[in-house]
Amino acid sequence: MATLDLAESSLRELNETLQKLPDGTNETDWEVINPKGSHALAVGLDAPIHVTVRGSTGYYCAGMNKHATVHVDGSAGPGVAENMMSGTVIVEGDASQYAGATGRGGLLVIKGNASSRCGISMKGIDIVVRGNVGHMSAFMAQSGNLVVLGDAGDALGDSLYEARLFVRGTVKSLGADCIEKEMRPEHLEILADLLGKAGITDVKPEEFTRYGSARKLYNFDVDNADAY
Amino acid sequence: MCGIVGLFLKDRSLEPELGSLLSDMLVTMTDRGPDSAGIAIYGEGSGNGAKLTVQSSRPDEDFGGLGEALNNRLATPVSVVRKDTHAVITTSLDNLAAAREALSDLRPDVRVMSSGDSVEIYKEVGLPETVLERFGIAGMSGSHGIGHTRMATESAVTTLGAHPFSTGPDQCLVHNGSLSNHNSLRRKLMRDGMTFETQNDSEVAAAYISHKLQNGMDLGNALEHSLDDLDGFFTFVVGTRSGFGVVRDPIACKPAVLAETDRYVAFGSEYRALVDLPGITEARVWEPEPATVYFWEH
């Protein structure tokens, strides 16, 4: 495993080193030490490598990730895994605001809590949060799955499109056009698969409630004007 | 954007390091706001004393002979210690109102940054590192303090527009965000007798809290009420003589991180500001909930 020390090299050197690794590289295991809350750590990665960050990160860690697995052995600041395309991002601690925002693919696992706007405008990413999520999570989410083992804050799924939301605990309130939906066998299957991928074995898919879009806000209809 | 830091010490053995720890935290937040910087330090209070921290754009003229002039006018001992563009005037609590009056008469251009038994506020335009060096903040000791580095979004980049804002004895407030109803609230507070020195939205928030405290509310309650009456985005960190509070608006757009150990409570706009504090790796670190008041008292 190669080690990159942010006490010795600059953030730019670190990101350049990781970004230029080609697909099929043999240098697949990397460790970043002394992150000290730095912003934009391990962003724009484009090769199937493993990067472990030892400590907590600042804004936008692992943003725009493609193919790589980024493991934050600490907590992550705002915008972790923002606009991820593929690959996996795992946060051992908590994540701040808008974790996984606009993500198009891949898997984001947060083992602690995520704060407000988790999965805002998600477009295909799968997000699994072991703890709770804050208010306005999955706001305008378009596709993908948000799995919350704990509780959700106010206005979950406000103005939701086609993303699926699975919450095991309580939901403080649902946002506009977000409703509780029936859990069908295909949803249990999706959930079992996601929990498996996230390494969660002590929780059953049957313990969750599914939420989704009532699809009343797709096209303007004056009868629904109050819902906007 | 703006950057806020705060440090409330529980372990008295850390007190000599307060200025140095806060300075490092604030310098880390420079890229959140390079326009101006300020810091409030709560030092040892005498119990019966009162301090005025004052600022002048012409310190040589204004502070030269000020101690003597105040002594003559008030016929009581007054000490004046100059620090760059600021000076700390110390007198007895009974003399505070007379000292303020004499000061505005003798040196009409001097501005009062803070008053109280323990707080001193230093703020100027410029990068945090430079501002902190000018006042020798790193060498100061105290029980708690807050700092701010400003990216101006409301009102001018001036010394008075810098934070912290102090609108009551031993009170101060720093703000990250922007308020949308500050003009109407300012008018209302002015009708209730509050005075303002700037057009800044954050000064309104500080005066709002002071007004509530003057009317007998405790700080926790005053902060709870601010959630109903202040509209806009805010993360506030406030200091009183013995207390330290944090509150965010219900939307909580502006970032905030709290950390607590047996030795201190620390606040930073970002986790980066906290990383060099002693024992931070073992601290409980969390993001304060929206519309929730956090408060610690000695």
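Trainee: At what angle do the axes of helix α1 and α5 of chain B cross?
Mentor: In this predicted model, the axes of α1(B), residues 18–28, and α5(B) cross at roughly 155° and come within 9 Å. That crossing angle makes α1(B) roughly antiparallel to α5(B).

Trainee: Which residues of α1(B) and α5(B) make the contact?
Mentor: On the α1(B) side they are B:S23, B:L26 and B:V27, and α5(B) contributes B:P128, B:E129 and B:L132. Sorted by class, the contact of α1(B) with α5(B) has four nonpolar residues, one polar and one charged.

Trainee: Staying with α5, is B:V131 buried or exposed?
Mentor: B:V131, which lies in α5 (residues 128–135) of chain B, counts as buried because its relative accessibility is 3%.

Trainee: What does B:V131 touch, leaving out residues up to four places away in sequence?
Mentor: B:V131 touches B:A37, B:E124, B:V125 and B:G126.

Trainee: Changing topic: how many residues does each of chain A and chain B give to the contact?
Mentor: Chain A gives twelve residues and chain B gives 16. The two chains bury about 970 Å² between them, and 47% of that area is on carbon and sulfur atoms.

Trainee: How many salt bridges are found across that interface?
Mentor: There is one salt bridge across the interface of chain A and chain B. The side chains of B:D276 and A:K36 meet in a salt bridge, with an N to O distance of 3.0 Å.

Trainee: On to the backbone. Where is the cis peptide bond in chain B?
Mentor: The cis bond joins B:H163 and B:P164, with omega about 0°. B:P164 sits in the loop between β8 (144–150) and β9 (172–179) of chain B. Most peptide bonds are trans, and most residues other than glycine have a negative phi.

Trainee: What is the phi of B:D170?
Mentor: Phi of B:D170 is near 55°, a positive value in a residue other than glycine. B:D170 is placed in the loop between β8 and β9 of chain B, and B:D170 counts as buried because its relative accessibility is 7%.

Trainee: And A:M136, where is that found?
Mentor: A:M136 is in the loop between β7 (123–129) and β8 (143–148) of chain A. Although A:M136 is not a glycine, its phi is positive, at about 60°. With a relative accessible area of 21%, A:M136 is partly exposed, since buried means under 20%.

Note on methods
Residues are numbered from 1 along each chain as its sequence is written. Chains are lettered from A and ligands numbered from 1 in the order in which they are written. This is a predicted model: local features need pLDDT of at least 70, side-chain atom pairs count only at pLDDT 80 or more; totals for chains, interfaces and linings use all residues. Side-chain values use heavy atoms; hydrogens and water are left out. Helices (H or I, at least four residues) and strands (E, at least two) are DSSP runs, numbered from the N terminus. Buried means under 20% relative accessible area, exposed over 50%, partly exposed in between (1.4 Å probe, protein chains only). Contact means heavy atoms within 4.5 Å. Axes are lines fitted to C-alpha atoms, for helices over the stretch in contact, and angles run from 0 to 180 degrees between N-to-C directions. Angles under 35 degrees count as roughly parallel, over 145 as roughly antiparallel, 65 to 115 as roughly perpendicular and the rest as oblique. Ala, Val, Leu, Ile, Met, Phe, Trp, Tyr, Cys and Pro count as nonpolar, Asp, Glu, Lys and Arg as charged, and the others, Gly among them, as polar. Buried area is the accessible area (1.4 Å probe) that two parts lose on being put together, summed over both. A salt bridge is a side-chain nitrogen of Lys or Arg within 4 Å of a carboxyl oxygen of Asp or Glu.
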